[in-house]
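Thanks, everyone; let me put the model up on the screen, and then I will walk through a few of its details.

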Amino acid sequence: MEQNHIELTGCLASAPEYSHSNHGRHFYSFYLEVARLSGAVDCLPILAPEELLAATELTEGDSIRVVGQLRSFNNRLGSGRKLIISVLAEEICVCSEPHDNKVILQGVICKEPIYR
């Protein structure tokens, strides 16, 4: 069983824009709008490698399916730290499926939680 797996189906809310390079690979970011059962819409940040985007023609407004992993990092720019959580895409395809989100995160709690 995978310990970090996410599957999203939603509407491409923004065209992919260059984000950064790491170890010679170029990454692009975009937002995916995914409707909840309540009718509210989440706008989720997606990060995709250039070679994955080159293999799929995406147009703003397309219904797409993204399979990948949740990733996070502490952004130290500006004042204080800010935890940034995004989806690292491993598969992207245009589809006509209804909006959906499935996430599997499995692990251990490393320290006692601090309730605020």
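Predicted model: local features only at pLDDT ≥ 70, side-chain atom pairs only at ≥ 80, totals over all residues.

I begin with H5, which lies in strand β1, residues 4-12, where strands are DSSP runs of E with at least two residues, numbered from the N terminus. Residues are numbered from 1 along each chain as its sequence is written, and side-chain values use heavy atoms, with hydrogens and water left out.

Is H5 buried or exposed? H5 counts as buried because its relative accessibility is 13%, the cut-offs being under 20% for buried, over 50% for exposed and partly exposed in between, with a 1.4 Å probe and protein chains only. Leaving aside residues up to four places away in sequence, H5 touches V67, G68, K102, V103 and I104, contact meaning heavy atoms within 4.5 Å.

Turning to aromatic rings, a search of the whole structure finds 1 aromatic pair, where rings of Phe, Tyr and Trp (its six-membered ring) pair if their centres lie within 6.5 Å, and planes under 30 degrees apart count as stacked, over 60 as edge-to-face and the rest as tilted. The ring centres of Y18 and Y28 are 5.7 Å apart with planes at 80°, so this pair is edge-to-face. It links distant parts of the chain, with Y18 in strand β2 (residues 17-22) and Y28 in strand β3 (residues 25-35), 10 residues apart. Y18 counts as partly exposed, because its relative accessibility is 47%.

How values were computed
Helix = DSSP H or I, 4+ residues; strand = E, 2+ residues; numbered from the N terminus.
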